[in-house]
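Please keep the 3D view open as you read.

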Amino acid sequence: MASRRRAADSLKTDQKKKRKNKTTCEETAELCSLVEDEQVKRSVQEAWSQRTSHSHGDLELDCHPFPHCIIKNFLGSETFVESLQRELMDLNFHEKSNDLYKFKQSDDLKKRTEPHISGLRAALFGRFRSWLGQVLQVELEPIVDISCAKYEYTDILLCHDDELEGRRVAFILYLVPPWQSSDGGTLDLYTTDSNFQPQSIVKSLVPSLNTLVLFEVSPVSFHQVSEVLTQDKCRLSLSGWFHGPPLERPPRHREPAVLRSPHLPRDETLLLEWVNPVYMDLAYQEQIQQEFEDSSEIQLKDFLKEEKFREVKEALRLSQIEWAKRGPPNKRCYEVASLDTLPQCVSACWELLCSEAFFLLLSNYTGLRLHYLCPADDDSDTEDEETKDVLNAEATGSLTESASAYESRAKELSTPVHCGELRRWSHGGYTLLHDAEAARAEYALDLVLPFCGADWQSEFGGFTCYVANEEDEELLTVYPEDNSLALVYRDKETLKFVKHINHRSLSDSANANSSTCGAFYDFSFVYYE
């Protein structure tokens, strides 16, 4: 028995040694002395509660456009900062890319055992969490939520408010080399309007080594990480959230629904004038419809007659067209043309896409009921054949009186409608997925006709991605291609976004051979049965 007790004692001793080794493995992170100063804490607490600005040494509290605190020299030891940088750079990073962002992110740092990572984590979610809770006068939870991000050339995080259940305070600790505003990667803060929607950037914080930035997650805390423009620096940072009781949030603003219109009364003459004759061939239309019904999407290359396409493309550059920026930035950023300022040929192309004859042509291409002459699913075989004859007649430019037999029946059916925009895309343009779009999702046919130049490359961005709602799965990507008509039929569970156009689009346009000038145009229409 004695020998067993000695073995057990020995085992306990070994366990104590292991625990001691594990404890000594963690390097203590010394925070700046301001955090330990009771007078400073009371001053910051008072200023934050009253939403007034305050500064003391390396600490600055600014309440415009929303309360945020900047603490320079946050960690007290330069050696600790350098060791922390080395440990972070040795982590595995994963490419993250969707509608909102593109950057590299580490795994969750909650359980990392590297000495300086674990030391900083303990300080942040221990002593500093306690200090911050007292400043805000709220009970912050001991939940550890922290990761490391690397932003390199063209990486970005677009406008958002950080709202997610449990998040109370967001923080970023910068571990960057010497950095200037011209390098990009700034933390941009937005003002908001009366509907709590972001308006414009009023403050940009340039990353600085060993500087901590924090702000409350609120209905107005809209911010972004601007695109990194430097090609030889890495914007390394630690970021995360302190969790606690959320601030009260008003009901989300709902944008007015986009106005939809029935077709314009234009006949098949317009088709014959504009559309490549190959797409007017009945046999080829049947082939297109079969392919479309199989995959719910198709691209029709060289869709417009070459001379018409060139005429419109040149006219789109004319200064007479008035362009207006579309926002808000948490949903979209691009320009739309004012229709009453369009040159004649551009206006005629618009009318083509709105015309009754084009609705009927789309019905032929897709099998969708976009015209009353298109057969409904429950029509008899006889009615289908009779209607098909009329469709064929109009598509070839020889519509006869047989169409009149369907006019009375058409009144009993829902009227197909559409909405559309003429858009100009340039560096910084994008659209984002958002809750309101998901709530309003419905069956629809998307059409995009780009005017982009042969040298527009996929790495510039500007392509349209289709994704399944509430899933990361990418269903389809449509790249802009000159005079290539893209048709995509989407259901209620499918959403779309246009990927951010990055700085590469500008660097390429500096080439004398480039015809894009860093921008492209497209007609974007949606048709509803």
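The second largest cavity has a volume of about 100 Å³. A cavity here is a set of points on a 1 Å grid over the protein atoms alone where a 1.4 Å probe fits but cannot get out, and lining residues have an atom within 4 Å of a point. Grid points are joined across faces, edges and corners, and a volume is the space filled by probe spheres set on the points. Its lining consists of Asp161, Asn195, Phe196, Gln197, Pro219, Phe222, Arg249, Pro250, Pro251, Arg252 and His253. By class, that makes five nonpolar, three polar and three charged residues; Ala, Val, Leu, Ile, Met, Phe, Trp, Tyr, Cys and Pro count as nonpolar, Asp, Glu, Lys and Arg as charged, and the others, Gly among them, as polar.

Before going further, a word on the source: this is a predicted model, where local features need pLDDT of at least 70 and side-chain atom pairs count only at pLDDT 80 or more, while totals for chains, interfaces and linings use all residues. Residues are numbered from 1 along each chain as its sequence is written, and side-chain values use heavy atoms, with hydrogens and water left out. The pLDDT, the predictor's confidence in each residue from 0 to 100, averages 89 over the chain, and 86% of the residues score at least 70. Please take some care at residues 379-384, where pLDDT stays under 50 and the model has seven contacts beyond four places in sequence (contact means heavy atoms within 4.5 Å). Residues 408-412 also stay under 50, with five contacts beyond four places in sequence.

Back to the cavities: the structure holds three of 30 Å³ or more. Of its 20 lining residues, Val448, Pro450, Thr464, Val478 and Ala486 lie nearest the centre. Strand E19 gives the most to this lining, with four residues, and E17, E20, E22 (485-490) and E24 are among the strands that each supply at least two. Helices (H or I, at least four residues) and strands (E, at least two) are DSSP runs, numbered from the N terminus.

Now turn to an open space. A pocket is an open set with protein on both sides within 12 Å along at least five of seven lines, and the second largest pocket holds about 940 Å³. It is lined by 34 residues, with Val258, Arg332, Glu437, Arg490 and Lys496 nearest its centre. Its lining divides into 15 nonpolar, six polar and 13 charged residues. Strand E23 (494-498) gives the most, five residues, while elements supplying at least two include strand E16 (332-337), helix H12 (435-439) and strand E19 (444-451).

Why is helix H8 (residues 344-354) largely enclosed by the rest of the structure? Eight of its 11 residues are buried, and therefore H8 is largely enclosed; buried means under 20% relative accessible area, exposed over 50%, partly exposed in between (1.4 Å probe, protein chains only). Among those buried in H8 are Cys345, Trp350 and Leu353. Their cover includes helices H5 (269-274), H7 (306-315) and H9 (356-366), along with E17, E19 and E24.

Finally, step back to the whole chain, which has 13 helices and 24 strands. Of its 529 residues, 51% count as buried. Among contacts between residues at least 6 apart in sequence, 79% join residues at least 24 apart.
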